[in-house]
Amino acid sequence: MSLIDFEARLCRLNSPTALPLAAGYLWNKRMMIHMNARGYATAQFMQPEPSKYARAQILEQKHFMLPEQGTYAHHPGRFFYLKDRDSGDLRSAPYEPVRSAWDRFAFEAKPESIGWVLEQNGLRLELELSLPVDEAVELWELRLINGEAPRRLSLYPAFPLGLMSWMSQSAAYDPGLNAIVGDCVTPYQKVADYFKNKDLKDKVFLLSEQTPVAFETRQRPFEGEGGLHHPDALIADRLANGISRYENPIAALQFDHDLSPGETVTHRFLFGPAFDHAEIQRVKDTWLSAEGFERARTEYAAYMAQGRGSINIDFGDNHLTYFVNTWLPRQVYYHGDTNRLTTDPQTRNFLQDALGNVYVRPESSRATLLKALSQQHANGSMPDGITLYDGAELKYINQVPHTDHCVWLPMLLEAYLDETGDYAVLDETVTDQETGQSKTVRDRVSWAMQWLIEKVDQRGLSFIEQGDWNDPMNMVGWKGKGVSGWLTIATAYGLKLWAQILTRDGRDPTLFEAAIEQFRDAANTHLWDGDWYGRGITDDGVIFGVKADGEGRIYLNPQSFALMAGLAGNGKKTLMIKAIEEQLETPYGVEMIAPAYTHMREDVGRLTQKFPGVAENGSVYNHAAAFYIYSLYQVGEGDKAFELLRKMLVGPDEADYLRRGQMPVFVPNYYRGAHRQFPDASGRSSHLFNTGTASWIYRSVIEGLFGLKGCREGLRISPQLPSQWPQARITRCFRGAVFDIDIRSHDTAAKTTVTCPTATVDGDLVSGFEAGKTYKIEVVTPRR
């Protein structure tokens, strides 16, 4: 049996131990859950700020000493214990916390659900987690399917609720609701916070369709000396019906079944947060039935279908095909649909997630652009974060000044305009919240770019303040003098895109074209180090990210954006790519920095305090790697781009799955790096699916690999298939039309030719098509 079975709409893991952190995720507008194959979960919902309803056993922030409250190493989980009342055999589904082996274990991640199939001695247990479209509640369905022998079984769903509050926490069984209801008071100190907290959903419930024979709500007596691994409470015939009073609660129910041969029993449970009992009753009435679950599945499938993406590919690499057709656009859709479930997304993330969503739901990307511009500052700059509702506050990193947010505007606009042809958006009037002034989108983006032009030092290099795209690079310019080499180059790229947009719109780009040359000259004069561009210059005038540095001598981002911006002619391009190959490429992708820092460098910042090879300090940081892949396609280096793109994706061989530790259902934020320093750990996945990587990789596949890039006049087709591909077939949805494209490489082809008998073709440009129609296109490219 293979470790992982990967299909278009299913990824199945057949071992609970080989990839202990493997997980899938589900979301809707109100919540997200990251569900581990072994039964651990991280879930949050919006009210409107992100909140947990099943918590860790200690508060995640600083708190008072709490000697009454036990603190444990447990992570919140969704556990289902199963006891054979005759043999005493105890096991748990999905796998934790008993960790008894099953004859068969299968963890199944699907676009619309997460499930398990477990078998033991003729007994089959099927478990499925799903979500409704517009409700913060988990829907759990469990089926016990008996074999040929009669069985006497006890089933115990047991969901630890964690330390809910140091002020007040309790739990009890409510027979009227047929539910365990946990209750707490969100901790606060300031009187004003009392009024802010009054409407919070401080209750959590576990609703059952069937009536239990017993329950337990006290975690400590439930565990006893056996812990969650072998709870004392399960030794007895019945749970103790205990009531939790200011102690860590657990939602545990008991059901006894005497199963005849061939008998099946089905349980349905709801788990989630609520404001009061009336809301719990409403949720129960809405969803807790076979009909309710089926309606939720149907509606959720339709919801997921809205994010199915704009291309469907078919070629020999099935693993890549499945990922590109289903799982990658799903991840793009998640980001564009939820804003990563925060109320103040970083402006750069807000705009880049919308960039990917251009190819999935372009109308949503348009709304994102207008929302962002409505919060433009009076000086033309963009805020560090976008507040999504009245009263939302900028938090955490969004309280630290960064200087890069304006540069992402033309990148989003280029993608949106190329995909939709909606140049009317440039004339859309946006009123900003700060001054109440109304300006067109065109004027606001020009204003933002003008701010970038002016935000430079005497050399013409862009100030960095306390960070640019690289958040923890916080001490390069905190004294007001340090500059960002990457932002200088990225500004040249942003100005290049904006000048092109203005030209296509019949406007004068002269001001911005002149500025492009100024930024290019500044970068080439002050940042070029002979083989690559430096990352920046500190407050004390020290250039870093250069050959003289023992650590952090080369950074990836400046090189990527130099290729995009056209700073590097063929000579420099060759040198940069060679340097990256030698110093940054690994078997698991391309690293962001090398060598990784091993100690604090106070003129660079806290990124140097991160462990070598972790996150921004020298990992295979996939967002940065995606920039590089996209840039390689921009300069015609298709083979190298595809090589690195393929390394970014997990699998398909078992050794790679084991090394990275995750399933191929998303691109993670990073893989462990510092490959040349600590090769034993390199390649491990961070398992975080919140990342701007998805947008840029989806764009690279569509516009780079397959060369299907829109423009104002129509669709340009200029593929860059890798040398080993003789052909590919793609279905591309574009402006309401469907293009069925057959691409073939021939040794005798001198140039790419595009043929379409039912549309107008001029070189690589297809135009004259109509929405609602399908067009067959043949493309012949020279073999590389």
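Colleague: What volume does the largest cavity have?

Modeller: On a 1 Å grid over the protein atoms alone, a cavity is a set of points where a 1.4 Å probe fits but cannot get out, and a volume is the space filled by probe spheres set on the points, which are joined across faces, edges and corners. Here the largest cavity has a volume of about 40 Å³. This is a predicted model, in which local features need pLDDT of at least 70, side-chain atom pairs count only at pLDDT 80 or more, and totals for chains, interfaces and linings use all residues. Residues are numbered from 1 along each chain as its sequence is written, and side-chain values use heavy atoms, with hydrogens and water left out.

Colleague: Which residues line the largest cavity?

Modeller: Lining residues have an atom within 4 Å of a point, and for the largest cavity they are His319, Phe323, Leu649, Val650, Pro664, Phe666 and Tyr671. Ala, Val, Leu, Ile, Met, Phe, Trp, Tyr, Cys and Pro count as nonpolar, Asp, Glu, Lys and Arg as charged, and the others, Gly among them, as polar; this lining has six nonpolar residues, one polar and no charged.

Colleague: How many cavities of 30 Å³ or more are there?

Modeller: The count is two, and the second largest cavity has a volume of about 30 Å³. Its lining includes Tyr25, Lys110, Trp327 and Arg330, and divides into five nonpolar, two polar and two charged residues.

Notes. 1 Å grid on protein atoms, 1.4 Å probe; cavity = no way out; pocket = protein on both sides within 12 Å on 5 of 7 lines; lining within 4 Å.
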